[in-house]
Amino acid sequence: MNYDKKIDEMGEDLMSLTKLTYYMEEFPYLVFYPGGKKNKSIRSINNKVRKESIHRIHTMVEESVQHITQEDVTALQAFLGLQGASVLPLLISKEGDLYLGGLVKPELFLFKTFSNEHGVPIHQEYVFETKINTLSNDKLEPLIQSLINQYIFCAKLAKYSRENWIAYLESRFQSHSLVTFAQSKKEEVQAVEKMNKLNLLSQLKYPEDIAFWRHRVEIVMRPFRSIPMHWLWSSGSTCNHQKDLIVHSEKRVMELHCDICDYQFFFYYEEDALQLNEEFDLEKVRKRVNTIERQFNEIVEKNDSLLDKLKRIRSIQLTLKPFQYKWKSVCDLLEQINKIPKQTGDIPFSPFVEIFTQLNKITIPNHEDESYLLWFSQIELPNVHVLKTIDNWEQLLNQDIGRLLTEYEKQLEEYLEQNKISRQEEFMKVNNHSLYWGEVEQMLQLIHDYAGLYPAHVITQVLIGKTSNKIRTEKLHYTSQFGVLDQWLEKDAMKALKTLEKEGWLQKLSKGFALTDKSIPFVEKAV
Ligand SMILES: [Zn+2]
């Protein structure tokens with residue numbers, strides 16, 4: 001790894017920790033820290049503890065140090081910023097006793113900063129909570145020995161920052177054999193997953209072949225499904241979430257963990273090996289992916305009739321391509337007709353509406369030399385029933401499409417012209433009053449602007465131009481719709497609103513009205 005830990009960051013970590021250190025001449029191999037929250041410094045150490053437990057530990061550390069290299073001692077001392085011969089920290093409580101046994105795992109110090117205000121806080125997971133004086137030499141010695149080794153391990157990790165390690169582990173994940181294989185077969189693996197869900201699969205013969213294939217998919221895809229999608233297919237090295245780096249110094253393992261994905265992998269430092277949650281025999285995985293693709297292709301080869309239909313749909317699409325611009329103008333006209341407030345008689349019909357609507361939802365790429373699996377996975381066929389209508393469509397396409405579309409366009413234009421409504425035209429009759437379209441438009445605008453704000457009777461008062469106290473205080477007499485129906489009685493205006501509601505132009509709210517999908521197109525959006 002070529003990453004260099006930022007010097008100032010490292011300096012700061014050490015400075016805050018060194019300020020907490022306490023050395024004792026009689027125990028040169030130990031260093032003492034105040035243990036527990038808000039224990040800022042060590043004032044004195046209990047005499048009994050000093051003579052018994054600390055003395056025993058010191059003797060064992062002194063012995064252990066003889067068996068480790070100078071290089072490791074130097075690294076360990078650099079890790080904690082230690083002086084003299086000291087190598088092992090002990091935590092001392094406020095009362096001058098060993099704090100929760102005194103011994104502490106090195107993870108407590110790794111990638112951490114400590115404030116002078118709070119001392120070394122309690123982290124239950126890092127202390128042993130053993131009573132040293134109850135441990136026999138046979139138990140205590142291996143513990144001390146193992147602890148020193150754990151410190152040496154963490155000292156090696158501490159040469160780089162936490163962020164450097166995370167970046168390094170992420171890059172190692174990217175080069176794990178399963179991940180690199182998955183990425184080299186990304187198209188095929190994703191095609192299998194997609195095909196497995198596609199309704200086109202239901203159109204393939206023979207059902208027992210398909211059932212077998214789908215059963216195999218479950219087995220073949222297991223390795224790829226064992227890694228979250230964000231990790232396996234992201235453009236970065238893993239998911240984009242904030243991750244935890246957990247060090248298990250006893251096992252010499254680092255763990256990179258994402259809480260959101262609920263996923264982690266392990267890095268064995270000494271073996272220089274990355275281990276995923278679940279490991280698979282890559283040779284088997286490779287063979288299975290090839291087999292599942294071959295099996296799918298063989299199934300498709302037995303489906304001449306479906307292949308033929310797909311090719312015919314594609315060719316119909318190509319035939320219609322030059323007429324898409326005409327279809328676009330037909331669509332515009334149909335849209336305008338949909339917005340006519342009052343439609344009389346039937347809207348002109350053409351079978352081309354169905355053909356273009358359906359075909360424009362379908363994507364069938366040209367089949368070149370890719371496998372059927374890859375080709376099928378790119379096909380978009382939202383409605384498989386269209387496969388049954390191909391014969392009809394082909395017959396219709398034998399006609400002069402351009403001329404038929406132009407005629408249809410004309411019919412629609414005529415219909416639109418006949419159904420156009422002017423503002424002066426009567427839209428409906430309410431209790432013998434003519435309600436004109438221009439008035440309806442204004443009513444809709446008023447409802448739109450004040451939807452849900454005022455009860456129905458206030459809206460009717462605005463419409464008939466009645467100035468009540470409420471209307472004045474709310475300044476509603478300034479709205480441009482005030483008095484639109486000034487010749488109307490309040491009860492008639494109310495009837496008009498109710499009639500519009502009944503015909504789907506308005507919807508009732510707990511307070512007043514709002515517009516509906518039918519009426520929204522007729523108002524100016526801005527208030
Ligand atoms: Zn994640």
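**Strand pairing in a predicted model**

Author: In this predicted model, β4 and β5 form a hairpin with 4 residues between the strands. D262, in the turn, has a positive phi of about 55°.

Reader: How do you know that β4 and β5 pair?

Author: Pairing needs at least two bridges. β4 and β5 (residues 263-268) share 6 bridges, in the antiparallel sense. Therefore they count as paired.

Reader: What makes β3 and β4 a pair?

Author: The cut-off is again at least two bridges. Strand β3 (residues 244-248) is joined to β4 (residues 253-258) by 5 bridges, so the pair qualifies. The two run antiparallel. H248 has V253 in β4 as its bridge partner. The β3-β4 hairpin has 4 residues between its strands, and R252 there takes a positive phi near 60°.

Reader: How do you know that β5 and β6 pair?

Author: They are joined by 3 bridges. The rule asks for at least two, so they pair. Their sense is antiparallel. F267 stands opposite L274 in β6.

Reader: Why are β3 and β6 called edge strands?

Author: The open sheet has 4 strands in the order β3-β4-β5-β6, with antiparallel pairing. β3 and β6 (273-275) each pair on one side only. Neighbouring strands are turned by 20° against each other on average, direction ignored.

Reader: Which helix lies across these strands, and at what angle to β4?

Author: Helix α5 (residues 162-174) lies across β3, β4, β5 and β6. The helix runs at about 85° to β4.

Key: Residues numbered from 1 in each chain as written. Predicted model: local features only at pLDDT ≥ 70, side-chain atom pairs only at ≥ 80, totals over all residues. Axes fitted to C-alpha atoms, helices over the stretch in contact; angles between N-to-C directions. Contact = placed C-beta atoms within 7 Å.
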